[in-house]
Amino acid sequence: MGKKLLMICGDYCEDYETMVPFQALQAVGHTVHAVAPDKAAGDFIHTAIHDFEGAQTYSEKPGHRFTLNATFADIKPETYDGLVIPGGRGPEYLRMHAPVMAMVKHFTSTGKPVAAVCHGAQLLAATGDIKGRTISAYPACQVEVELAGAKYANIPVDQAVTDGPFVTAPAWPAHPAWIAQFLAVLGTRITH
C-alpha cells in the first residue's frame, strides 16, 4: 500500500531534486504532496538547474515552473508517513521559516522516514535532531552537518547513505541510490 509523503519546496530548489523524486515516488504508488510556504495548490515555484561544469562550484540556470499540488497552510504533518526535502537554494531560506521548521521537526523528532538531498541537510541541521547521525549533503554543507553534531558522510556524488530513518545524498546524480534507499526505509517493495 502506498505511503503519504510530504515534499517541502521553495523557489530555486534544484530542478531535478524536486521533479525526479516527486514523479518517481508517485510512479511506484506513493502519494506526494508538494508544498511551499505561503503558496496554495496550483501555485508554482521557480526551480534552478545546477550542473557541474568545471568551476569551483556548481553553475545555476533557470529550471522549470514546478506546480505545487497541495496548500502549505492546510498541511498537518502528523497525517504523513515521510518527508522529502529537495536541495538547491530553497533550504537556505526555508530554514528561517518557523512553520517549515515545525513541519520538518515533526518528522525528525518522531523517527518517520526523511529523505534529504544536497542542501536539504540545512533543514535537518536546523532541527537539532541529527546529532550522532551519519548525514550526507552537498560538500558545502559539511560544516553545518558537523556543527549540528552529525558525522558528515563524504561519499561519491552518485551515492547515498541511510542512518535509521534518514536517507541523504550529496546531489542529484545520486537519485538511483537515494530513491532506492528511501523506498527501502518506507518498506516499498518493487516487483517486476
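## Charged groups over aromatic rings

In this predicted model, the charged end of arginine 89 is positioned over the ring of tyrosine 12, at 4.7 Å from the ring centre.

## Aromatic pairs

Across the whole structure, a search identifies 5 aromatic pairs. In one of them, phenylalanine 22 and phenylalanine 66 have ring centres 5.1 Å apart and planes at 90°, so this pair is edge-to-face. Phenylalanine 22 belongs to helix 1 (residues 15-27) and phenylalanine 66 to strand 5 (residues 59-67), so the contact ties together parts that are 44 residues apart in sequence. Both partners are buried: phenylalanine 22 has a relative accessible area of 12%, and phenylalanine 66 has a relative accessible area of 4%.

Another edge-to-face pair is formed by tyrosine 58 and tyrosine 138, with ring centres 5.3 Å apart and planes at 75°. This pair links distant parts of the chain, 80 residues apart. Tyrosine 58 lies in the loop between strand 4 (44-51) and strand 5, while tyrosine 138 lies in the loop between strand 8 (134-135) and helix 5 (142-147). Tyrosine 58 is buried, with a relative accessible area of 18%; tyrosine 138 also counts as buried, at 12% relative accessibility.

## Aromatic cluster

Tyr58 and Tyr138 are also members of one aromatic cluster, which they form with Tyr16, Phe52 and Trp172.

Key: Residues numbered from 1 in each chain as written. Predicted model: local features only at pLDDT ≥ 70, side-chain atom pairs only at ≥ 80, totals over all residues. Heavy atoms only, no water. Phe/Tyr/Trp six-rings, centres within 6.5 Å; stacked < 30°, edge-to-face > 60°. Helix = DSSP H or I, 4+ residues; strand = E, 2+ residues; numbered from the N terminus. Buried < 20%, exposed > 50% of the residue type's maximum accessible area, 1.4 Å probe, protein only. Lys NZ or Arg CZ within 6 Å of the ring centre and 35° of its normal.
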